[in-house]
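Here's a quick briefing on how two chains hold on to each other and to themselves. Have the viewer open as you read.

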Amino acid sequence: MTTTDKPTQENTLGSPSPDEPGAQTLTLSVGPQHSGSGHMRLIVELDGDIILNAQPDPGYVHRGIEKIIELRNIIRSIPVIERPSIIDASNLNHAWVRAIEELQGVEPPARGQYLRCLLNEMNRIMSHLYWLSIYGVFLGHTTMFMWPLGDRELFIDLAESLTGARITYSYLVPGGVRRDLPQGFAEEAIKRTEYFEKRLDEYENIFFKNPLFTSRAKGVGVLSRQKAIELGTTGPTLRGSGVDADLRKDEPYAAYGELDFKVHTRPDGDSYSRVMVHVDEMRESSQLIRQILKKLPSGPVRRKAPIVVPRGEAYGRVESARGECSFYMIGEGGDKPYRARYITGSYRNMAAISAVLEGVRLADMPTSWWSIDYWPVEADR
Amino acid sequence: MSAQKPVQSDDPIELLADSLNVWVGKLSDIVHKVIDTEPIRNVINWARMYSLWPVNITTACCSAEFGAASGARHDLERFGVLPYGSLRQSDLIVIEGTITKKMAKRLRMIYDQMAIPRYVIAMGDCAISGGLFHDSYSIVNGAHEFLPVDVYVPGCPPRPEALEHGIIMLQEKIRSSKVYPQS
């Protein structure tokens, strides 16, 4: 018998015929032990090296924070609230105190509001820098790993002198902030932000204009404006798709109503746009830090607030580094909330992972999905 | 029922192979003892101390401080520590924070796949005793429940300096350890 005419069932040795659906594809499990996955797993279906379908498998860091909040009083909850996004602690903390203050009817003094914004903006820069450094690693660009982490320490030092902790501040408490500015903080902060903006220009030359980055980010992982809105994404992911949405502008909280800043958007919706939105935001934040220090009113930083969650319901939301972070809180009159629902930016952006990765090459997978700025700890809570 | 005696084979080649096995075993014991003597052991431990390759596994939020420690200011690479992609060629797990029940299974799988000698650093209060999340329904209270831990680094999260100290402590431990560990 010759096999020249057509392949028979026998000579395929029991493997499915190439025409069958699923025969040409390969399913890969990426993570949690993988340099491009973080604390999560991606189940990727491949045709050749094109991704047909990618499903995130979250839950590796689910710590039941919503339940823990019900067991601690509102002050002892603050460190727990911060842990999901430890590199963006003060923004998450802000959502928590906003929900409590709405129930208590306490309005912090003006100086306290400004100091909150100050730490929030410093945290936004630190969070974006950490994200950028990991982005550099994913591209194999070790300089871009070292530089942002080194410049992040500038702001970590500032935050440490302000709050006493490197990254977990617990600085915002109901009624204001824990302490006032240390001596010489303003001059040091202005010096450092100006230096940082010069550094961003250097980043531009070594990385953002580098073909190593642009060729793997421009036109890759496109999330259209329509799709971004449909999926309910927030933060830089949404603004990278051309939607002008920023809670600091749309629903000004703390001192943001009195501050002058721009919301940066990019129309294309690809990895490059999302990266550049982060970069623009870092410039804007460092400008905001200087502005806050200039406009800083005098007076007390904290108003007395009871350790009590009055009966009622409240909803506190802020623009964190990764998008809208919100608390829905039900109080019973005790020192603990009856129930608190905690939604973070990464949790909402998780839906975009599949949409972004569809049709992308496997080699571009880490850079594409990391451009969403998905922090698994924050999404799992 | 009495225990069966092993059947002695009559085949001369098998007999020769058996006795050869015994002699190879004895010889390797002697070689192990020689290698474990002071000068050779010092050289091997010196090499192990300064080329620690942690696995790319992050369990929770202490990864931010591990990242900062690997970064420009603290630079763990000067202690010979650089995260590596393949767990078969790695010899260190830095457990970075809370271990959830879902992650604990994977951590144990990763530990079992790594080649001996392998070391474990439990970084952060959560990896030591559950820390801030000790009463949560979904976490394991401490890495010692399923892994042998060499060094504990307390803190929530530990500062990069603390992690560096932990790594130096691990290196001191390796310096005085045997070349052929029991596990």
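A salt bridge here is a side-chain nitrogen of Lys or Arg within 4 Å of a carboxyl oxygen of Asp or Glu. By that rule, the count in this predicted model comes to 44 salt bridges over all chains.

Some ground rules: this is a predicted model, so local features need pLDDT of at least 70, side-chain atom pairs count only at pLDDT 80 or more, and totals for chains, interfaces and linings use all residues. Residues are numbered from 1 along each chain as its sequence is written, chains are lettered from A and ligands numbered from 1 in the order in which they are written, and side-chain values use heavy atoms, with hydrogens and water left out.

**Where the chains meet**

- In contact terms (heavy atoms within 4.5 Å), 38 residues of chain B touch 38 residues of chain A.
- About 3,100 Å² is buried between chain B and chain A, with carbon and sulfur atoms giving 57%; buried area is the accessible area (1.4 Å probe) that two parts lose on being put together, summed over both.
- The count between the two chains is 6 salt bridges.
- A:Glu160 and B:Arg159 meet in a salt bridge through their side chains, at 2.9 Å, N to O.

- You'll find A:Asp57 in strand β3 (residues 50-57) of chain A; strands (E, at least two) and helices (H or I, at least four residues) are DSSP runs, numbered from the N terminus.
- A:Asp57 counts as buried at 15% relative accessibility, where buried means under 20% relative accessible area, exposed over 50%, and partly exposed in between (1.4 Å probe, protein chains only).
- Leaving aside neighbours within four places in sequence, A:Asp57 is in contact with A:Met40, A:Arg41, A:Ile43 and B:Lys102.

- A:Asp49 and A:Arg361 pair up through a side-chain salt bridge (2.8 Å, N to O).
- That pair ties together parts 312 residues apart in sequence, because A:Asp49 lies in the loop between β2 (41-47) and β3 of chain A, and A:Arg361 in the loop between α12 (345-357) and α13 (365-370) of chain A.
- A:Glu66 is buried, at 15% relative accessibility.
- A:Arg341 forms a salt bridge with A:Glu66, the closest N and O atoms being 2.6 Å apart.
- A:Arg341 sits in strand β8 of chain A and A:Glu66 in helix α1 of chain A, so this pair links parts 275 residues apart in sequence.
- A:Glu66 also has a salt bridge with A:Arg339 (3.2 Å, N to O).
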